[in-house]
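Reader: I've got this one open on my screen and I'd like a close look at just one part, the inside of the chain. Could you walk me through it and tie it to whatever sits around it?

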Amino acid sequence: MTQTAGAAPSRSPFLDEVKAAVTPRATLLVLGVTVLQLLFIASYVGALHHPEPRDVPFGVVAPPAVAEQTVTRLDRLPGSPLDPRAVADEATARKQIMDRRIDGALIAGPSGGEDTLLVASGSGAALATALESLVGGLEESEGRTVRTVDVAPVSRQDFDGLSSFYVVVGWCVGGYLCASILAISTGARPADPRRAAIRIGAMALVALVGGLGGAVITGPVLGALPGGVAALWGLGALITFAVGVATLALQGVFGIVGIGLAILLVVIAGNPSAGGAFPLPMLPPFWAAIGPALPPGAGTWTARSIAYFEGNAVLGPLLVLSAWALAGIVITMLSAMTYRGRHEAEPPARAS
């Protein structure tokens, strides 16, 4: 059958369905998800595929002349696995490990035959094992023996010291998922500052409940972390709230895309750089540098300090988490005020 002259060309019903189902906005979102997928792979594999110690803060206890020689020898090891420094005595070395200023120390034996290696598996069993292997090999090559003493041993219920990382990941997930649900259910951008404040209040309530639940599960219920419930509860509430309001802030500025940006910061960049599976000195320089500035890294460090290091060295990470929370509150409120002002300035639509 021939087509009538001047008649519109026939269109494919299938193509029409595709155009109706896959809008330009949906296409952009799918492309964004694909980019996040590839970044996820690059970040996790890039950070974790080849862990090795780099510039690990390490103490050396020995008579002055011997200590200087040992520090020089350790500092010149290929790949710079250690950042050695002389320490006055064993008691000082133990204190610096508990203060999280160094990650291990070599104590020269008085008889010159057997030395002692101090490690702290509570900061990550992978790092303690790496130090034991490295120092043990060096000692053996010099005809010496070494015994290992774990100054801050990990709990038997906390395999490889990973529980602190996993509970922090759970708190982070709770934060950005709650904020995302608020965006999906009532709009990414709150209509006015009052509604923005209500969302922030809701995040605070979720943070308190989730923080307590995580502390109880990892502590009394499972016995995975030996730290006090109150301290872990406070940490969990702060992490959940900081991640949640940061996600609200990103949504307020960028709309629904803010959810993807939150995932980029917390999951893709934050989790592999947190020092969970492998502590910071075993990560490549980029991830080791960004980890302490992101919520998962600051939270993991603090959780381990609470559990195994008597709560030492937590001021910096807590300030990082507080900064995320404060910035999230301020940006969320400002974006709500801007959004309302912009819509109030729009002229009303005229009736046709």
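Author: Here's a walk from the overall picture to the inside, and then out to the loops.

This is a predicted model, so a bit of bookkeeping: local features need pLDDT of at least 70, side-chain atom pairs count only at pLDDT 80 or more, and totals for chains, interfaces and linings use all residues. Residues are numbered from 1 along each chain as its sequence is written, and side-chain values use heavy atoms, with hydrogens and water left out.

Of its 352 residues, 43% are buried. Buried means under 20% relative accessible area, exposed means over 50%, and partly exposed is what lies in between, using a 1.4 Å probe and protein chains only. The chain exposes about 18,000 Å², with carbon and sulfur atoms supplying 66% of that area; the areas come from the Shrake-Rupley method with a 1.4 Å probe, and for residues only the protein chains shown count as cover. Now take the contacts (heavy atoms within 4.5 Å): among those with a separation of 6 or more, 75% join residues 24 or more positions apart.

On to the inside itself. The largest nonpolar core holds 33 residues, and those with the most contacts inside it are Ala 93, Leu 118, Val 168, Leu 235 and Ile 239. At least two residues of this core come from each of H4 (90–98), E3 (104–107), H6 (163–186), H8 (229–254), H9 (257–270) and H11. The term "nonpolar core" stands for a set of buried Ala, Val, Leu, Ile, Met, Phe, Trp, Tyr and Cys residues joined through side-chain atoms within 4.5 Å.

Let's zoom in on H11. Helix H11 covers residues 295–308, and its 14 residues should span 20 Å at 1.5 Å a residue; the end C-alpha atoms are 20 Å apart, which agrees. (The expected span is 1.5 Å times one less than the number of residues.) Since 13 of those 14 residues are buried, H11 is largely enclosed by the rest of the structure. After H11 comes Glu 310, with a positive phi near 55°.

Cys 172, which is found in H6, counts as buried at 1% relative accessibility. Cys 172 and Gly 299 are 127 residues apart in sequence, but their C-alpha atoms are 9.2 Å apart in space. Cys 178 counts as buried too, at 16%. If you're wondering about disulfides (cysteine sulfur pairs within 2.5 Å), the count is zero.

Some polar side chains are buried as well. Ser 43 sits in H2 (residues 24–48) and is buried at 7% relative accessible area. Its side chain makes a 3.2 Å polar contact with the side chain of Trp 287. A polar contact here is an N or O pair within 3.5 Å; within protein, one atom must be able to donate a hydrogen and the other to accept it, and residues adjacent in sequence count only if both atoms are side-chain atoms. Thr 218, in H7 (residues 193–221), is buried at 9%. Its side chain reaches the backbone oxygen of Gly 214 at 2.8 Å, and a polar atom of that side chain lies 3.5 Å from the backbone oxygen of Ala 215.

Finally, out to two loops. Ser 80, between H3 (64–75) and E2 (82–86), has a positive phi of about 50° although it isn't a glycine, and is partly exposed at 25%. Asp 160 lies between E5 (145–150) and H6; its phi is positive, near 55°, and it is partly exposed at 35%.

Notes: Helix = DSSP H or I, 4+ residues; strand = E, 2+ residues; numbered from the N terminus.
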